[in-house]
Amino acid sequence: MALNIENISKSYGGNPVLNDVRLDIAAGEFVALLGPSGSGKTTLLRIIAGLQYAEAGRLLFDGEDITGVEARLRRFGMVFQSYALFEHMSVEANVAFGLKMRPRATRPARPAIAAKARDLLELAEIGHLAKRYPSQLSGGQRQRVALARALAIEPRMLLLDEPFSALDAKIRKGLRGALRDMQKRVGISAILVTHDQEEAFEIADRIAVMSEGRIEQVGTADELLRRPATPFVAEFLEGMANYQSQGAGI
Ligand code: ADP
């Protein structure tokens, strides 16, 4: 299912934070919002999630206008930097939670919920940790649980805000591959907010480079490096030319 972001603008106390943002995300596509701190990435993601509202513009999801639809009715899965796991529940109970909370009419039977949780834990490569509690997990393992939990509700889209930024570099690298694999296997569109060029290049199909509330350019890693549309994009991605010539990730 595709998302069309049409002419979104937002300001705080008279200061424009997003300025006529337009972006189309295809069904099954993984797009990164990449830019320096303060460029408006999180605000845009929160507007897509329905946690904040734009002053102008529209969001169309699968052709339906969802601009004014409240967050929970959008059914988007979310993963943030802080691991918001339920500490008193086992890993498998954490993943099953969203399904157990569904109204009876749409709630799968108990064995089906357990099977779904197990499948997702396998997909996240943490099937062996199902019986543990969050306090017994590493930071990387906790984020794998958070991913599995976000996918358990069968979200219509996956939204990620700097999900790995609290983790150390080596663990982050391992998680990038896992995230991309999971998203492709599940087949939903995803949006990742990050300020880390390498992370965006490794995970996303396309990257939207943001600066001061605007999208400067959208393209594949290759397109951005070969044909930067603005001096900002060229400068922001300067270090990545090297990265590409090493053949890493692209
Ligand atoms: P990014 O995610 O790219 O770091 P943000 O979307 O968090 O950028 O912030 C963009 C700008 O909006 C920043 O200048 C920030 O200070 C401002 N901002 C974000 N949230 C609020 C808020 N609730 N109230 C006032 N200003 C805000």
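I take a salt bridge to be a side-chain nitrogen of Lys or Arg within 4 Å of a carboxyl oxygen of Asp or Glu. I applied this to the structure above, which is a predicted model. By this rule I get 19 salt bridges.

**Entry 1: R58 and D65**

I looked up R58 and found its side chain in a salt bridge with that of D65, at 3.9 Å from N to O. The rule asks for a pair within 4 Å, so I kept this one. R58 is partly exposed, at 37% relative accessibility. D65 is also listed as partly exposed, at 38%.

**Entry 2: E70 and R72**

I went on to E70, which forms a salt bridge with R72; their closest N and O atoms are 3.3 Å apart. E70 has a relative accessible area of 39% and is partly exposed. R72 is at 62% and counts as exposed, because the class begins over 50%.

**Entry 3: R176 and E202**

Which residue forms a salt bridge with R176? I found E202, with the closest N and O atoms 3.2 Å apart. R176 sits in helix α6 (residues 169–186) and E202 in helix α7 (residues 197–203), so this pair ties together parts that are 26 residues apart in sequence.

Is R176 buried or exposed? I noted 5% relative accessibility for R176, which makes it buried, because buried means under 20%. E202, at 23%, is partly exposed.

I also looked for further links around this pair. R176 and E202 belong to a network of salt bridges that also takes in R172, K173, D196, E198 and E199.

**Entry 4: helices α4 and α5**

I turned from charged pairs to helix packing. Helix α4 (residues 110–123) packs on helix α5 (residues 139–152) at an angle of about 135°, and their axes are 9 Å apart. I therefore put α4 down as oblique to α5. The crossing of the two helices is right-handed.

Which residues make the contact? From α4 I listed K116, L120 and L121, and from α5 A148, L151 and A152. I sorted these contact residues by type: five are nonpolar, one is charged and none is polar.

**Recap**

I close with the two items I would look at again in the viewer. One is the buried R176 with its salt bridge to E202.

Methods
Residues are numbered from 1 along each chain as its sequence is written. This is a predicted model: local features need pLDDT of at least 70, side-chain atom pairs count only at pLDDT 80 or more; totals for chains, interfaces and linings use all residues. Side-chain values use heavy atoms; hydrogens and water are left out. Buried means under 20% relative accessible area, exposed over 50%, partly exposed in between (1.4 Å probe, protein chains only). Helices (H or I, at least four residues) and strands (E, at least two) are DSSP runs, numbered from the N terminus. Axes are lines fitted to C-alpha atoms, for helices over the stretch in contact, and angles run from 0 to 180 degrees between N-to-C directions. Angles under 35 degrees count as roughly parallel, over 145 as roughly antiparallel, 65 to 115 as roughly perpendicular and the rest as oblique. A crossing is left-handed if the near helix is turned anticlockwise from the far one by less than a right angle, and right-handed if clockwise. Contact means heavy atoms within 4.5 Å. Ala, Val, Leu, Ile, Met, Phe, Trp, Tyr, Cys and Pro count as nonpolar, Asp, Glu, Lys and Arg as charged, and the others, Gly among them, as polar.
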